[in-house]
Amino acid sequence: MSAPVELRRLATPQDLFHAAADELLRAAGSAIAQRGRFTIALSGGSTPRNLYALIAANASASLPWDQMFFFWGDERHVPPDDPDSNFRMANEALLSKVPIPPANIFRIPAENPDAAAAAETYEQTLRKFFAVAPGEFPRFDLILLGMGPDGHAASLFPETSALQEKSRFVVANRVEKLETSRITLTLPVLNAARCVAFLVSGTDKAAVLHEVLEGNAPAEKYPSKLVRPSDGKLIWFVDRAAASELSTAA
Ligand code: 6PG
């Protein structure tokens, strides 16, 4: 039975990033105390950039970077120096600014012209790092996600083939409306996490947030609805603008 959804409403985007940063530091501390390491999958898109910059500015000295391991929830099918690269965004905003060993950073090899091969390579990286037993899925301590105006999460877009994936950890997902393939963690991996945190900011997300949290449209149409960790926490960090169409009062 999946854990209750925690809805954290913050007044402003900056408050949202501070609250998310506190949660990340808390999760890192408890993971390292219990297991000696913290594993996190970063989100792409524009929303998390300010969270990454905040952590780089405020926590660089206080975090045990050598015990923290960074992965990505998804990647655009571009090389790591491309302006559209999720790796590039996180590297510029955070990873290049903190004393993290390069060996602790596991980016998706999206420069591979064959997106399916890139996905397979990343799956092997996860299998090896997490020493996953047959039939099991890697269990991240924290997975950060954004949500698109169409309700997609990571690169799990509405009515795309990746939504049906039940066994693989990473797939190349053809997104016709973007005329490209994305490389993304699959739902079984998202739902195996100890904690999944959505970061949702801005009025352009208000209608979809209402639908995802309170609506009854089919989940395939709003894939963020399918993100429900089976044995972990689900936290929605939302600002006032994004929450403006929620019926439940603050
Ligand atoms: C990506 C992301 C994607 C993103 C949403 C929200 O590669 O684009 O992983 O899932 O989180 O599209 O994007 P914004 O934060 O830019 O609104």
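**The ligand and its surroundings**

Author: Happy to! Let's begin with a polar side-chain atom of S46, which lies 2.6 Å from an oxygen atom of the ligand. Keep in mind that this is a predicted model. H152 also brings a polar side-chain atom to the ligand, 2.7 Å from an oxygen atom. With A154 the backbone takes part: one of its N or O atoms lies 2.5 Å from an oxygen atom of the ligand. The protein covers 89% of the 420 Å² of accessible area that the ligand has on its own.

Now let's look at the whole shell. The ligand is surrounded by 15 residues, and S46, T47, R76, A154 and K205 are the closest. Sorted by class, this shell holds nine polar, four charged and two nonpolar residues.

Next, the space itself. The ligand takes up the largest pocket, which contains about 260 Å³ of space. The lining of this pocket is made of 19 residues, and those closest to its centre are G44, G45, G146, M147 and H152.

Conventions
Residues numbered from 1 in each chain as written. Predicted model: local features only at pLDDT ≥ 70, side-chain atom pairs only at ≥ 80, totals over all residues. Heavy atoms only, no water. Near = heavy atom within 4 Å. Polar contact = N/O pair within 3.5 Å; in protein donor to acceptor, adjacent residues only side chain to side chain. Areas by Shrake-Rupley, 256 points an atom, 1.4 Å probe, with all protein chains shown as cover. 1 Å grid on protein atoms, 1.4 Å probe; cavity = no way out; pocket = protein on both sides within 12 Å on 5 of 7 lines; lining within 4 Å. Sits in = over half its atoms within 2 Å of the grid points. Nonpolar A, V, L, I, M, F, W, Y, C, P; charged D, E, K, R; others polar. Points joined across faces, edges and corners; volume = space filled by probe spheres on them.
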